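Biologist: I've got a model open and I'd like to learn how to read its helices. Can we go through it together?

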Amino acid sequence: MQWVWYAFGGGLPRRLAPWVLSDTTRRTWIVRHVVRAVVQMLPVVVFCFVVPVPWAYRLSAAFGGMVIGLLFSIAFMTETIEHRSVKAGYPPGMAAQVRERRQEKQEQERLERLSPYRHDGAGSFD
């Protein structure tokens, strides 16, 4: 139930702050953001299906609303993620810094794997 509250923008207890930072900085943070956006739009989609109009209108309203909602959600994704981490008690920009460090580390590991003459960090990237 707390996750649904969190998905709709509610704050979580301070003890869950590390989870919020992890949620906003994991490798799958974009997918997680889109899932939260879909959950936020589900009540509107359900409402579109119960309005007493022909099914073609219901389907087009539900589909169109979902597409427009996802476009806006994706357009403001980084701002929303930063706001979630700030609400959890982290300084502004912290989530972006963690994601950037993780990406740099993954890139360095990728280069090490591809280089036939490097082993355990030996070389010019240290």
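This is a predicted model: local features need pLDDT of at least 70, side-chain atom pairs count only at pLDDT 80 or more; totals for chains, interfaces and linings use all residues.

Biologist: Okay, which residues of α2 are buried?

Modeller: In α2, that's Ala-17, Val-20, Leu-21, Asp-23, Thr-24 and Thr-25. The buried residues there pack against α1 (2-7), α3 (29-50), α5 and α6.

Biologist: And which residues make up the largest nonpolar core?

Modeller: Eleven residues, among them Ala-17, Val-20, Leu-21, Trp-29, Met-77 and Tyr-90. At least two come from each of α2 (17-25), α5 (77-87) and α6 (94-114), and α2 gives the most, with three. Leaving aside residues up to four places away in sequence, Tyr-90 touches Ala-17, Pro-18, Leu-21 and Ser-85. There's also a second, separate core of six residues, including Met-41 and Val-45.

Biologist: Now α4. What should its 21 residues span?

Modeller: At 1.5 Å a residue, helix α4 (residues 55-75) should span 30 Å, and its end C-alpha atoms are 30 Å apart, so the two agree.

Biologist: How do I read the sides of a helix?

Modeller: An α-helix has 3.6 residues a turn, so residues three or four places apart point the same way. In α4, the buried ones are Arg-58, Ala-62, Met-66 and Ser-73. These cover an arc of only 55 degrees around the axis, which puts them on the same side of α4. They pack against α3 and α5.

Biologist: Which residues are exposed on the other side of α4?

Modeller: Ala-56, Tyr-57, Phe-63, Leu-71, Phe-72 and Ala-75 are exposed there.

Definitions and conventions:
Residues are numbered from 1 along each chain as its sequence is written. Side-chain values use heavy atoms; hydrogens and water are left out. A nonpolar core is a set of buried Ala, Val, Leu, Ile, Met, Phe, Trp, Tyr and Cys residues joined through side-chain atoms within 4.5 Å. Buried means under 20% relative accessible area, exposed over 50%, partly exposed in between (1.4 Å probe, protein chains only). Helices (H or I, at least four residues) and strands (E, at least two) are DSSP runs, numbered from the N terminus. Contact means heavy atoms within 4.5 Å. The expected span of a helix is 1.5 Å times one less than its number of residues. The arc is that of the directions from the helix axis to the C-beta atoms.
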